[in-house]
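I want to go through some helices and a few side chains here, one entry at a time.

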Amino acid sequence: MGTIGWQRLEGACVGISALMLFAFSGDAVAWWLAVVLFFAPDISFAGYLAGPRVGAVAYNLVHVYAFGTVLLAVGIGMGAPVLASLGALWIAHSGFDRMLGYGLKSPEGFTVTHLGTIGR
């Protein structure tokens with residue numbers, strides 16, 4: 001398995017682990033809302049309306065593991081289960097994107113990622 005394959009496998013592990021964290025975090029967020037929130041980071045695609053450089057920055061800001069990790073840690077530290085749940089969902093989203101091959105974006109264009117080129 002090459003480097004990209006390992007990174008995609010890692011994304012799957014991170015995504016599944018984060019969903020487990022969410023599942024065991026209690027009922028701070030309803031499951032139906034969790035499904036909506038899971039896809040919320042994709043709103044960052046709107047940054048591409050301002051061009052590929054701005055789009056890449058907007059996408060990458062919310063698709064790095066650090067963003068969700070900070071939300072999770074602050075939520076746990078402050079005893080705020082809703083914030084912790086949001087962090088777990090955010091991490092899960094980023095992990096599943098990596099698993100599917102959607103890596104962090106390059107200013108060159110949406111299809112150019114750290115995991116290679118998306119599409120044909």
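Entry 1: I started with L9, which sits in helix α1, residues 3–23. Helices here are DSSP runs of H or I with at least four residues, strands are E runs of at least two, and both are numbered from the N terminus. Before going on, I noted that this is a predicted model, where local features need pLDDT of at least 70, side-chain atom pairs count only at pLDDT 80 or more, and totals for chains, interfaces and linings use all residues. I also noted that residues are numbered from 1 along each chain as its sequence is written, and that side-chain values use heavy atoms, with hydrogens and water left out.

L9 has a relative accessible area of 37%, so I logged L9 as partly exposed (buried is under 20%, exposed over 50%, partly exposed in between, with a 1.4 Å probe and protein chains only).

**Entry 2: helix pairs.** At what angle do the axes of α4 and α5 cross? I found roughly 160°, with the axes of α4 (residues 65–77) and α5 (residues 81–99) coming within 7 Å. Axes are lines fitted to C-alpha atoms, for helices over the stretch in contact, with angles from 0 to 180 degrees between N-to-C directions. I therefore wrote the two down as roughly antiparallel (over 145 degrees; under 35 is roughly parallel, 65 to 115 roughly perpendicular, the rest oblique).

Next I looked at α2 (residues 31–39), which packs on α5 at about 50° with the axes 8 Å apart. That makes α2 oblique to α5.

**Entry 3: single residues.** In helix α5 I checked S85, which is buried at 0%. S85 and A23 are 62 residues apart in sequence and 8.7 Å apart in space, C-alpha to C-alpha. H93 also belongs to α5 and is buried, at 2%. From H93 to D42 I noted 51 residues in sequence and 9.1 Å in space, C-alpha to C-alpha.
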